[in-house]
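Here is a friendly tour of one model, written for someone who likes to check atoms and angles. Have a look at the sequence and the structure first.

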Amino acid sequence: MAVDLLLGLQWGDEGKGKIVDVLTSNYDIIARFQGGPNAGHTLVFNDKKYVLHTIPSGIFHNDKINLIGNGVVIDPVILNKEIENIKEENVDISKTLFISRKAHLILPTHRLLDAASEKSKGKNKIGSTLKGIGPTYMDKTGRNGFRVGDLESKNWKTKYYDLSKKHQQLIDFYNVELDFSLEDLESDFFEAIEKLKKINFVDSENLLFESQDKNKSILAEGAQGSLLDIDFGTYPYVTSSNTTAAGACTGLGISPNSINDVFGIFKAYTTRVGSGPFPTELFDDYGKTMSKAGNEFGATTGRPRRCGWLDLVALKYACRINGVTKLMMMKTDVLSGFDKILVCTKYKYRGETIENLPYNLSEESLEPVYEEFEGWSENLRELKSADNLPKSLNKYIDFLESELNIPIVIVSVGPDRKETLFR
Ligand code: IMP
């Protein structure tokens with residue numbers, strides 16, 4: 001049985017959590033494959049809102065397996081808070097939540113290292129969520145990491161203290177002022193570890209092999225977005241994992257030839273939180289309206305998201321890298337009431353017009369070239385069917401589909417599960 005992938009095509013915050021939740025009924029297993037609590041997957045149903053950081057977005061369906069894969073980095077303190085938050089929905093994690101033994105743990109000192117590294121960069125900072133993501137993945141690839149499975153060995157605390165001591169020397173090396181009490185952080189960490197140990201640890205690749213043999217259906221859930229990919233994103237203003245389709249193979253142990261559909265999620269416009277280039281960024285009233293109407297504040301950090309028009313050059317690139325087979329357009333309702341909608345279809349760059357992403361998107365000579373579309377004024381949130389979409393929105397959708405040569409199968413018109421139009 002095949003695996004479907006679901007991933008963000010922009011700089012994150014596309015609305016992956018909502019769509020995973022909507023699609024979960026079609027699958028037996030939802031498996032998160034990369035990232036960590038830098039992610040904030042927001043789900044709205046029954047007039048309630050939940051933000052998940054580490055737990056897969058299928059968790060509210062009690063008959064599904066939710067797997068935190070080996071490619072994910074876990075902060076036990078944050079994971080426990082998430083578990084506490086969802087308790088009121090009667091989620092039975094003892095039966096539905098599984099964690100890969102090969103997933104790496106974020107230690108308190110990883111978070112401090114993240115803060116020290118960012119502080120030392122001054123105005124060149126990445127704009128990290130400061131959740132310890134970079135340092136944890138550095139320890140993973142540096143072969144020093146602390147994995148969930150290590151907690152099953154008797155001397156795990158020795159391993160912990162060895163690594164933590166090394167981190168403290170590195171923090172000193174940065175020579176920046178940080179306000180923290182390691183003692184307090186460690187006390188929270190150790191308490192959280194005891195709770196973490198009660199969750200099901202598994203050799204997740206085996207769980208997935210067996211599930212595939214039994215014809216179970218699997219949805220691999222990505223975090224962040226393709227333009228934050230460590231290899232293909234706007235480096236160095238990226239996260240530290242492969243957010244693109246290949247990351248699902250390494251982050252879960254699924255083979256490329258078991259992948260069926262790749263669902264690519266994008267907003268009808270673009271947002272970015274943190275530093276880094278953003279060619280279509282708006283500083284005018286259109287941008288301010290997007291920010292306000294879309295409530296564009298980071299789900300993890302609360303920081304305002306930068307807003308801009310849809311960048312089709314970047315979107316095409318992301319579709320190619322991921323092999324997207326079906327597109328899902330999010331937050332379309334946010335654009336209601338705009339007198340015009342612009343889409344960047346090319347860039348002017350060093351005196352030429354180009355249709356691909358150049359090596360350095362930060363260059364001042366890079367300028368978006370736009371096509372203009374008529375806006376619509378209808379309140380899309382009230383629509384019950386994609387057959388009733390306004391004419392000018394249909395023109396926008398048709399244009400995107402023909403440029404990308406991929407069907408847009410979902411148009412999302414609000415944060416609630418119910419505000420989802422299938423095409
Ligand atoms: P880090 O992964 O927390 O180190 O952050 C690196 C960059 O990725 C920063 O610009 C963050 O704002 C951005 N980032 C990380 N996670 C997310 C996310 O889930 N949504 C949007 N941006 C993110």
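Predicted model: local features only at pLDDT ≥ 70, side-chain atom pairs only at ≥ 80, totals over all residues.

Residues are numbered from 1 along each chain as its sequence is written, and side-chain values use heavy atoms, with hydrogens and water left out.

**The ligand site**

Which residues come nearest to the ligand? Among the 15 residues around the ligand, they are Asn-38, Thr-129, Thr-239, Val-273 and Arg-303; a residue is near if one of its heavy atoms lies within 4 Å. By class, this shell holds six nonpolar, seven polar and two charged residues. Here Ala, Val, Leu, Ile, Met, Phe, Trp, Tyr, Cys and Pro count as nonpolar, Asp, Glu, Lys and Arg as charged, and the others, Gly among them, as polar.

| Residue | Protein atom | Ligand atom | Distance |
|---|---|---|---|
| Thr-239 | side-chain N or O | oxygen | 2.6 Å |
| Gln-224 | polar side-chain atom | nitrogen | 3.3 Å |
| Gly-127 | backbone N or O | oxygen | 3.4 Å |

Taken alone, the ligand exposes 470 Å², and the protein buries 96% of that; accessible areas come from the Shrake-Rupley method with a 1.4 Å probe.

**Helix pairs**

Helices are DSSP runs (H or I, at least four residues), as are strands (E, at least two), numbered from the N terminus. Axes are lines fitted to C-alpha atoms over the stretch in contact, and angles run from 0 to 180 degrees between N-to-C directions.

The axes of H2 (residues 76-86) and H7 (residues 182-196) come within 8 Å and cross at roughly 60°. That makes H2 oblique to H7, since angles under 35 degrees count as roughly parallel, over 145 as roughly antiparallel, 65 to 115 as roughly perpendicular and the rest as oblique.

H11 (residues 312-322) packs against H12 (residues 391-404) at about 50°, with the axes 10 Å apart. H11 is therefore oblique to H12.

**Backbone details**

The peptide bond from Tyr-235 to Pro-236 is cis, with omega near 5°. Pro-236 sits in the loop between strand S10 (218-225) and helix H9 (245-252). Asn-46, a residue other than glycine, has a positive phi near 45°, and Asn-46 belongs to the loop between strands S3 (41-45) and S4 (48-52).

Key. Polar contact = N/O pair within 3.5 Å; in protein donor to acceptor, adjacent residues only side chain to side chain.
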